[in-house]
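User: I'm new to this one and would like a slow walk through it. Can you show me the structure before we start?

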Amino acid sequence: MKELFDLTGKVALITGSGRGIGFVLAKGLGQAGAKIVLNDIDEDRLKQAVALLKREGVDAYGRIFDVRKEKMIQEQVRLVENEIGTIDILVNNAGIQIRAPLEQFKEESWRQILDINLTGAFLTSKTVVQGMIKRKSGKIINICSIQSELARPTIAPYAASKGGLKMLTRGMATDWGKYNIQVNGIAPGYFKTEMTKKLYEDEKFNAWLCSRTPANRWGEPEELIGAAIFLASRASDYVNGHIIYVDGGLLGCV
Ligand SMILES: NC(=O)c1ccc[n+]([C@@H]2O[C@H](COP(=O)([O-])OP(=O)(O)OC[C@H]3O[C@@H](n4cnc5c(N)ncnc54)[C@H](O)[C@@H]3O)[C@@H](O)[C@H]2O)c1
């Protein structure tokens, strides 16, 4: 049974994995046996993350690129495939959040969110899928959000980007399923990372969130690893175009 979830011999690329959820998922996929290619736009953060994973016994590499820059992605993916191995698993995790009332939201910030959270996943997938199509095999995991379904004040552009990513997941599964490529999403609820630091340091928000969430608490990034291993492994070979909500029950109740 363990073989179903074994990633030995696979190569996984995780975008925006210098810290936070991406880093934890990289560690989990690495511990399940995959060679890990970390990515970030922050060079120091990336170096530290690679060193940390290596210390944990993971076969880890780092590649700097910006998920908004197609040429850069193509160049780095080519190098990865020549030097490390062909990419079997892609996790589109890079993402940002900017909070402001929608009527005051700057166009520049709107574009930044859409470019990284949505277009970035399209450009990276379009590049990596070329090899997957040739090999007739691949797993793509898009890190969506509870905000793929639910809005909240001051984050409408983020919700639009994650709602778009949910539908892009279904679109990718539709176009690429015939090549034996499975594209699914993981939608985290609220997890403690740098992105949500302001929220969990805010007592009022904290109290509201815990009372609103059936699990009564925040999620720990490690709690996303199980869903990632499932969607990256043979165990999910007939699962395509779905989103797994890992949210302590938040989406299921009002
Ligand atoms: N933290 C949560 O509660 C939560 C909930 C739902 C969804 N998510 C999603 O999970 C993903 C990771 O979030 P996190 O909380 O770990 O955030 P984080 O800010 O801790 O980490 C994001 C990483 O992405 C990198 N990055 C940003 N722009 C990039 C780009 N253009 N190219 C490459 N890398 C880039 C950053 O440098 C950073 O290291 C995001 O897509 C986020 O929207 C997070």
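This is a predicted model: local features need pLDDT of at least 70, side-chain atom pairs count only at pLDDT 80 or more; totals for chains, interfaces and linings use all residues.

User: Okay, back to N180: where is its place?

Analyst: N180 lies in the loop between α5 and β6, and its phi is positive, about 60 degrees, although N180 is not a glycine. Helices (H or I, at least four residues) and strands (E, at least two) are DSSP runs numbered from the N terminus. As background, most residues other than glycine have a negative phi.

User: And what about K136, is it buried or exposed?

Analyst: K136 counts as exposed, because it has 10 C-beta neighbours inside 10 Å. K136 is in the loop between α4 and β5, and its phi is also positive, near 55 degrees, in a residue other than glycine.

User: How many residues of strand β5 are buried?

Analyst: Six of the six residues of β5, which spans residues 138–143, are buried. G138, I140 and N142 point one way from the strand, whereas K139, I141 and I143 point the other way.

User: Which strands pair with it?

Analyst: β4 (residues 89–92) is joined to β5 by four bridges and runs parallel to it, with V91 standing opposite I141. Two strands count as paired if DSSP finds at least two bridges between them. Between β4 and β5 the chain passes through helix α4 (residues 107–135), and this β-α-β crossover is right-handed, meaning that, with the strands pointing away from the viewer, the path from the first strand over the helix to the second runs clockwise. β6 (residues 181–188) also pairs with β5 in the parallel sense, over six bridges, and there Q182 is the bridge partner of K139. A right-handed β-α-β unit is made by β5, helix α5 (residues 156–176) and β6.

User: Zooming out, in what order do the strands form the sheet?

Analyst: Seven strands form an open sheet in the order β3-β2-β1-β4-β5-β6-β7, with parallel pairing. β3 (60–64) and β7 (243–246) stand at the edges, each with a single partner strand, so one side of each has no neighbour in the sheet.

User: New topic: which residues come nearest to the ligand?

Analyst: G16, G20, G95, T193 and M195 come nearest among the 30 residues around the ligand, where a residue is near if its C-beta atom, placed from the backbone, lies within 6 Å.

User: Which element gives the largest share of that shell?

Analyst: The largest share, three residues, comes from α1, while α1 (20–31), β2 (35–40) and α4 each supply at least two residues.

User: Last one: how many residues of helix α8 are buried?

Analyst: Six of the eight residues of α8 (residues 225–232) are buried, namely I225, A227, A228, I229, L231 and A232.

Note on methods
Residues are numbered from 1 along each chain as its sequence is written. A residue is buried if 20 or more other C-beta atoms lie within 10 Å of its own, exposed if 12 or fewer, and partly exposed in between; C-beta atoms are placed from the backbone.
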